[in-house]
Amino acid sequence: MEKLRILYVASEINPFLQTTDVADYVRKLPQAMQELGAEIRILVPRFGLINERKNRLHEVVRLSGINITVGDEEKPLIIKVASIPNAKLQVYFIDNDDYFHRKSVFFDKENNFYDDNDERAIFFCKGVLETVKKLGWAPDVVHCNDWMTALIPLYLKTTYRNDPMFKDTKSVFTVHNNAFDFKFDADLQSKAKAMDVSDEALSHLHSADFEGFVKIGCAYADAVLKADEHISESLNQIFNDAPKRVELDEQSDKFSASYYNLYTELVN
């Protein structure tokens, strides 16, 4: 039997960056799956807080150079890579000068939410899928984490559904308790457009907020999880409304097997 191929996508991962619980979740889970024999790739944004020299990031020239469309604009995609110390795991970083060179993640020094965080998320989601195509590595499962990755399950079911690299790929979306109050501009849906994506498919984004992103991830993923029992009431409601929600046994002694079995069931 061939190795299960799992792609993890998130906004952050230890030890490169940690601002929320996502960083630990995405550090622990891929290693656990690798130890069970899965083949792993991890993709995160290269936020400006990540020190390239200290973390030994270097550009992967053969993967860089694609232009990603966000609304009416095209932005160049730069791919970097680094290894997690003391683990046989490589992390690929999605980079772009306009979106990811600020020395903070989603908020500026005055704690204002960046107006273009929606564009950064769209660029990231599209960039992930184009990078995987360039890698020539067809994932069995793409496990997306938190709002910033929420468009990937949608794109897999629409734009990339007939792509040889993704035609059999299943997606998992994990809800994390990282809500923000910011409302994006009304043109969010048009910016998120891609080939074969209808206005109706993007209807959850009409609210132009955190919950809209989470709802779209929940609507299109093949399995929906929550990282923590103690999520907000509104997020819990979105999770409970998800048609493909799955309750996993998160106890430490069953953690690895629960996830591995879920991935295997999705693929078979």
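Modeller: Two strands are taken to pair if DSSP finds at least two bridges between them, strands being DSSP runs of E with at least two residues and helices runs of H or I with at least four, numbered from the N terminus. This is a predicted model, in which local features need pLDDT of at least 70 and side-chain atom pairs count only at pLDDT 80 or more, while totals for chains, interfaces and linings use all residues. Residues are numbered from 1 along each chain as its sequence is written, and side-chain values use heavy atoms, with hydrogens and water left out.

Colleague: Which residue in β8 stands opposite Ile6?

Modeller: Strand β1 pairs with strand β8 (residues 141-145) in the parallel sense, over four bridges. Within β8, the residue opposite Ile6 is Val141.

Colleague: What is the bridge partner of Arg5 in β2?

Modeller: Strands β1 and β2 (residues 39-45) run parallel and are joined by five bridges. In β2, Arg5 has as its bridge partner Glu39.

Colleague: Why is strand β1 largely enclosed by the rest of the structure?

Modeller: Buried means under 20% relative accessible area, exposed over 50% and partly exposed in between, with a 1.4 Å probe and protein chains only. Strand β1 covers residues 5-9, and it is largely enclosed because the number of its five residues that are buried is four.
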